[in-house]
Amino acid sequence: MASSSQYNSTYYRCSSLPTGGTGVTIHNPLDSVNSSGLAGCGFEEDADESVFITVKEDFTRKYYVKSDTPRSDSSHLPVFKLNMVSSIPTENYPYQYLTSVFVSREAPMKLLKLTNGSQEWCGNTFKLVRGWETPVQLVFHSYFDGQGDGSVPLELKTGDLLEDQLPLSLRSLPFKTGLQLKLRILESLISNRVGPLRVAPGEISVVNQEEVNGLTCWRVTVSREGLTQTYWFSRDYPNIMTKWTSSDGREFLLKETVRRKYWD
């Protein structure tokens, strides 16, 4: 893989809708933005735009961070990174979130690392999921009383997924009508607090193909404990997410996609 690939990118913006062990071989359509580097999409929630950015990087196995020099030897690990950048204004002050999800390029359903930072006028909260450790650890730094700084193990087993990795990992599904996966899902970590996190049995189903804003898309439902979420991914490679809805009221709709060099 040429090192220049680190600087080719795809970046896309989106806008929101107005709202108040699987037994299946996973292939890897994410390689459409593979060596090209970055693919991103932005969404807007309650009229507040978010941006999703996906980039292929090389991790160092020593620190599990991006290598300064792209390499293909055993000391490095190719990953896909999804950055979800959101700003939510409220009457008093805005909330800012940056969530970074890192999955294996060879097995995009496998989470390697997640970070989440929350910034608002009261203070900062930071969370880190160390997916390469056994057991998986959640490290946190919170400004809330009773939380502070610490770490706790997460009850994650091989094959479990995090809700926050789904917009990236589900793009690697071998899409076909009727495909079903039964697994466990950890609820979203995107918040300014560190609270108890529930891991619940869930089911991922590829329902059918539908049109979304003129694009033919695969409709995928994810259900767990009274919560149903639906994702639409473009039928054509690289299967970008075009729409997402959740029964708790969260909704996103693709606004635009743009491809550009990462560092320009």
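Modeller: Rings of Phe, Tyr and Trp (its six-membered ring) count as a pair if their centres lie within 6.5 Å; planes under 30 degrees apart are stacked, over 60 edge-to-face, and the rest tilted. Searching the whole structure this way gives 12 aromatic pairs. This is a predicted model, where local features need pLDDT of at least 70 and side-chain atom pairs count only at pLDDT 80 or more, while totals for chains, interfaces and linings use all residues. Residues are numbered from 1 along each chain as its sequence is written, and side-chain values use heavy atoms, without hydrogens and water.

Colleague: How do you know whether Y64 is buried or exposed?

Modeller: Buried means under 20% relative accessible area, exposed over 50%, and partly exposed in between (1.4 Å probe, protein chains only). Y64 has 14%, so Y64 is buried; W132, at 25%, is therefore partly exposed.

Colleague: Nice! Why do you say that the charged end of R193 sits over the ring of F144?

Modeller: The rule asks for NZ of Lys or CZ of Arg within 6 Å of the ring centre and within 35 degrees of the ring normal. For R193 the distance to the centre of the F144 ring is 3.5 Å. K113 likewise lies over the face of F102, at 5.5 Å from the ring centre.
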